[in-house]
Amino acid sequence: MASADVALPHVASQTDEPPAQPEQSAPEGAYNPETGEINWDCPCIAGMVKPPCGDSFKAAFSCFVYSEAEPKGYDCVDAFRAMQACFKEYPEIYGEEGSDDEDPIDKDDEGEADDRAAETAVRKA
């Protein structure tokens with residue numbers, strides 16, 4: 001058999017293009033605005049949806065996502081307060097979450113204070 005008859009394996013050169021890979025979709029987030037669904041399995045919120053405070057997190061997060069209030073989430077302050085209270089009960093699980101010694105709500109200026117509390121709670125979630 002002559003050497004011309006032997007098939008040599010293809011060796012990639014620096015000018016060869018990498019093989020086409022199947023198109024990958026963007027990583028799925030916690031909320032899909034196209035379907036309007038919350039992805040509770042998203043790794044970005046995985047630690048928050050588990051007990052003991054998973055239900056209060058889900059209530060607060062759902063409220064915020066679906067809120068039509070202005071500013072967004074204004075109607076969810078109580079749900080975020082409940083979530084934060086739960087976090088405070090379990091510092092060994094949630095660490096620094098909700099461990100502020102001060103309540104961010106200023107009782108003298110309730111409207112503005114509610115706005116600040118909602119913003120604080122959303123940042124912590």
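Let's start with C42, which is buried at a relative accessible area of 4%. Buried means under 20% relative accessible area, exposed over 50%, and partly exposed in between, using a 1.4 Å probe and protein chains only. C44 counts as exposed, at 53% relative accessibility.

A quick word on the model: it is predicted, so local features need pLDDT of at least 70 and side-chain atom pairs count only at pLDDT 80 or more, while totals for chains, interfaces and linings use all residues. Residues are numbered from 1 along each chain as its sequence is written, and side-chain values use heavy atoms, leaving out hydrogens and water.

Now the disulfides (pairs of cysteine sulfur atoms within 2.5 Å). The structure holds three:

| Pair | S to S distance |
|---|---|
| C42 and C44 | 2.5 Å |
| C53 and C86 | 1.8 Å |
| C63 and C76 | 2.0 Å |

Counting bonded cysteines along the chain, the pattern is 1-2, 3-6, 4-5. The torsion about the S-S bond of C42 and C44 is about 125°, so that disulfide is right-handed. The C63 and C76 link has a torsion of about -90°, so it is left-handed. C63 is partly exposed at 24%, whereas C76 is buried at 1%.

What about S67? You'll find S67 in the loop between α1 (54-66) and α2 (77-89); helices here are DSSP runs (H or I) of at least four residues, numbered from the N terminus. S67 is buried, at 8% relative accessible area. Its side chain makes a polar contact of 2.7 Å with that of D75. Such a contact is a pair of N or O atoms within 3.5 Å; within protein, one must be able to donate a hydrogen and the other to accept it, and residues adjacent in sequence count only if both atoms are side-chain atoms.

Technical notes
Helices (H or I, at least four residues) and strands (E, at least two) are DSSP runs, numbered from the N terminus.
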